[in-house]
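Thanks for coming. Please have a look at it first.

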Amino acid sequence: MKKVSGRVRAAGTAASRITLMPLLVRLGAFLAALGALLAAYPAQLLTARILPALVVVALLPALFPRRAGVTIAVLVAVGGWVLSTSAYGELVVLWRLLTLAALLYLTHSLAALAALLPRDAIVAPAVPVRWVARALGVVLAAGVLAVLLTTLAEHSGEGTYLAVALAGLAVAVGVAALLAWLLRRK
């Protein structure tokens, strides 16, 4: 019982010491996760029963950015997308897929920043602004590339879906190799 009361007291102390910028970063992670979950699940499932559970799942990246909270939120969102498109027969619409991908990336990115910032840190506003601007740049570049590849695949016939998928895989491997090289360079 002493352990539980000690943890509750420690959580209360940590909550009372949180500063504005880490709080806003965590709020951003929560809102991005909630948006991703709402974009993933079919409208028929967003009832008074399911919505509170999705809000709790969306809180996980904000409350536990260093632990499995982000992974759980992303997996629940992807599961909702699969459920929505397979069991509920919703069409795969490009804008909805891009919205889901962008929000999942922003959730991951903001949770990574929240994991780096101590709760009581004094942070210049330029730090999270640059972080979010960089993340939005990645989202924009990926979205433009996805639209271009989708358009190319639609106008080129059936055989090009494999070529476009392989080109996308090659780009992903190239980006991973570039990031690994940059990491080793330091």
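How are α4 and α5 oriented to each other, roughly parallel or roughly antiparallel? Before I answer, note that this is a predicted model.

Helix α4 covers residues 69-87, and helix α5 covers residues 94-116. Their axes are 10 Å apart and the angle is about 170°. Angles over 145 degrees count as roughly antiparallel, and α4 and α5 are therefore roughly antiparallel to each other. On the α4 side, the contact uses Val70, Val74, Ala77, Val78, Trp81 and Ser84. On the α5 side, the partners are Arg96, Leu97, Leu100, Leu104, His108 and Ala111. Sorted by class, that contact has 9 nonpolar residues, 2 polar and 1 charged.

Some context for the whole protein. The secondary structure consists of 7 helices and 0 strands. Of the 186 residues, 29% are buried. Among contacts with a separation of 6 or more, 69% are between residues 24 or more positions apart.

Now the other packed pairs, going back along the chain. Helix α3, residues 50-63, packs against α4 with the axes 6 Å apart and an angle of about 140°. This pair is therefore classed as oblique. The crossing of α3 past α4 is left-handed. From α3, the contact takes Leu54, Val57, Leu60 and Pro61, and from α4 it takes Gly69, Val70, Ile72, Ala73 and Val76. The class count for this contact is 8 nonpolar, 1 polar and no charged.

In α2 the contact residues are Arg26, Phe30, Ala33, Leu34, Leu37 and Leu38. They meet a list in α3 that includes Leu51, Leu54, Val55 and Val57. By class, the contact of α2 with α3 has 14 nonpolar residues, no polar and 1 charged.

On to single residues. Is Ser84 buried or exposed? Ser84 sits in helix α4 and has a relative accessible area of 0%, so Ser84 is buried. Leaving out residues up to four places away in sequence, Ser84 touches Ala40, Tyr41, Pro42, Gly89, Glu90 and Arg96.

Two of those neighbours, Glu90 and Arg96, form a salt bridge with each other, at 2.4 Å from N to O. The count of salt bridges in the model comes to 1. What about the accessibility of the two partners? Arg96 has a relative accessible area of 9%, and because buried means under 20%, Arg96 counts as buried. Glu90, at 23% relative accessibility, is partly exposed. Arg96 is also one of the α5 residues in the contact with α4.

Val144 and Leu98 are 46 residues apart along the chain, and their C-alpha atoms are separated by 9.9 Å.

Note on methods: Residues are numbered from 1 along each chain as its sequence is written. This is a predicted model: local features need pLDDT of at least 70, side-chain atom pairs count only at pLDDT 80 or more; totals for chains, interfaces and linings use all residues. Side-chain values use heavy atoms; hydrogens and water are left out. A salt bridge is a side-chain nitrogen of Lys or Arg within 4 Å of a carboxyl oxygen of Asp or Glu. Buried means under 20% relative accessible area, exposed over 50%, partly exposed in between (1.4 Å probe, protein chains only). Axes are lines fitted to C-alpha atoms, for helices over the stretch in contact, and angles run from 0 to 180 degrees between N-to-C directions. Helices (H or I, at least four residues) and strands (E, at least two) are DSSP runs, numbered from the N terminus. Angles under 35 degrees count as roughly parallel, over 145 as roughly antiparallel, 65 to 115 as roughly perpendicular and the rest as oblique. A crossing is left-handed if the near helix is turned anticlockwise from the far one by less than a right angle, and right-handed if clockwise. Contact means heavy atoms within 4.5 Å. Ala, Val, Leu, Ile, Met, Phe, Trp, Tyr, Cys and Pro count as nonpolar, Asp, Glu, Lys and Arg as charged, and the others, Gly among them, as polar.
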